[in-house]
Amino acid sequence: MKTNPGEIRTKGKGSKLSEIEHKIKTIRKILREENCAGLRLRGADWFSWATAGGSNVILLTTDGGVAEVLVTQDEAFVITDAIEYDRMLQEEVPVGFRFINHPWQDTNFRESFVKEATHGGLVMSDKVHSKEVNLAPSLVQAKRILCPEEMERYRVLGREAAEAMTETLKEADPSWTGHQLAGRGAEALWKRGIHPALTLVGEERRLPLHRHATASHEPLGSRAMLVFCARRHGLYANLTRFVYFREPSAQEIRAKHDLAAIEAEVFAATRPSTSLGALYEQIAIAYARFGYPDEIMKHHQGGPTGYLAREEVARPESKMRVEDGMAFAWNPSLTGTKIEDTVILNQGKLEIITVDDAFPSFYADDRMRPDYLVRL
């Protein structure tokens with residue numbers, strides 16, 4: 001088999017190399033436990049995790065990419081074609097892996113290479129086909145626990161995504177359409193090197209009707225909601241904000257405070273060893289306590305985030321256990337309003353990372369929470 005392997009680069013990227021080495025060590029331990037010869041990662045989320053923030057994404061609307069990772073007990077490869085080879089090696093994954101470059105026309109190359117590299121043994125994969133097997137739960141959990149380097153990348157992303165949100169809503173005009181607001185938000189994210197994976201807009205008329213309000217041709221009117229799922233280095237910063245072109249009503253102000261109180265209860269419950277199902281139940285109890293027993297049925301409440309906008313959505317039957325180092329994006333909502341930020345559980349304490357001090361805030365349960373941005 002003719003290949004064009006790149007050399008494994010080990011200089012100039014010390015912390016990134018250390019992170020990759022740690023993850024490869026974790027992978028190999030799990031491969032031994034599962035009696036597998038190799039791990040194959042094709043998805044955008046897993047590729048970014050394994051490569052310490054590299055990206056195999058070309059088409060933003062797919063969860064796959066143009067390169068994949070293969071780890072065996074002896075080697076760690078990035079496999080890509082001749083179109084992508086130079087860019088991937090120079091810009092996306094400069095250290096830690098041996099590159100395998102194949103002609104783009106050869107659609108059979110990767111399967112043959114993986115079979116040879118694993119000596120025909122059992123292969124674990126995030127996108128199973130043929131005789132491959134699903135990822136071990138221990139590996140899925142390992143992906144959700146952020147190392148210090150990931151946390152630092154996440155903090156920078158969270159701050160810049162929040163700044164992009166503030167910039168967008170301070171420029172917004174009630175005559176803009178939802179499409180215009182989404183476009184301006186995407187521009188603010190791209191300007192910072194962030195993928196606008198999602199930009200929801202709820203205009204005045206549609207905001208009370210749809211919890212997932214995709215942007216439309218309608219004018220914003222007197223108020224609007226903007227939601228970001230902002231991706232960089234594979235990580236997602238999720239946040240929701242509101243702009244008002246009038247004074248909020250007494251009912252809207254009450255809803256804001258009630259939502260912050262509901263959120264505070266799930267924040268307090270997000271502690272190590274707690275199951276995701278128990279957290280869902282805590283939110284349900286909080287909704288009922290504040291007089292909204294049916295609202296939980298109208299939208300999901302979020303859950304752990306990281307290399308997916310939601311690694312898992314909280315449901316009553318969810319078994320996943322919270323561990324220190326995980327990130328979460330809870331998003332309780334009431335008709336016409338919502339609250340959402342991305343947080344990291346770091347040494348037993350929640351750290352909100354999607355914060356821009358230039359955006360108005362209010363005090364709720366020992367935290368500052370995003371207020372409505374009122375522009376008269």
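## Where β9 meets β18

Val243 stands opposite Leu373 of β18. This is a predicted model. Strand β9 covers residues 235-244 and runs parallel to β18, with two bridges joining the pair.

Helix α6, residues 148-171, packs on the sheet. The helix touches β8 (223-232), β9 and β18. The direction of α6 makes about 25 degrees with that of β9.

## The four-stranded sheet

Which order do the four strands take? The order is β7-β8-β9-β18. The sheet is open, and its pairing is mixed.

The edges belong to β7 (195-202) and β18 (373-374). Each has a single partner strand, so one side of each is left without a neighbour in the sheet. A general point on side chains applies to regular strands: they alternate between the two faces of the sheet.

Strand β14, residues 343-346, pairs with β11, residues 327-330. The two run antiparallel and are joined by two bridges. Within this pairing, Ala327 stands opposite Ile344 of β14.

β14 also pairs with β15, residues 349-352. Here the sense is antiparallel and there are four bridges. Leu345 has Leu350 in β15 as its bridge partner.

## The β14-β15 hairpin

How many residues lie between the strands of the β14 and β15 hairpin? There are two. In this hairpin, Gln347 takes a positive phi near 55 degrees.

How values were computed
Residues are numbered from 1 along each chain as its sequence is written. This is a predicted model: local features need pLDDT of at least 70, side-chain atom pairs count only at pLDDT 80 or more; totals for chains, interfaces and linings use all residues. Side-chain values use heavy atoms; hydrogens and water are left out. Two strands pair if DSSP finds at least two bridges between them. Contact means heavy atoms within 4.5 Å. Axes are lines fitted to C-alpha atoms, for helices over the stretch in contact, and angles run from 0 to 180 degrees between N-to-C directions.
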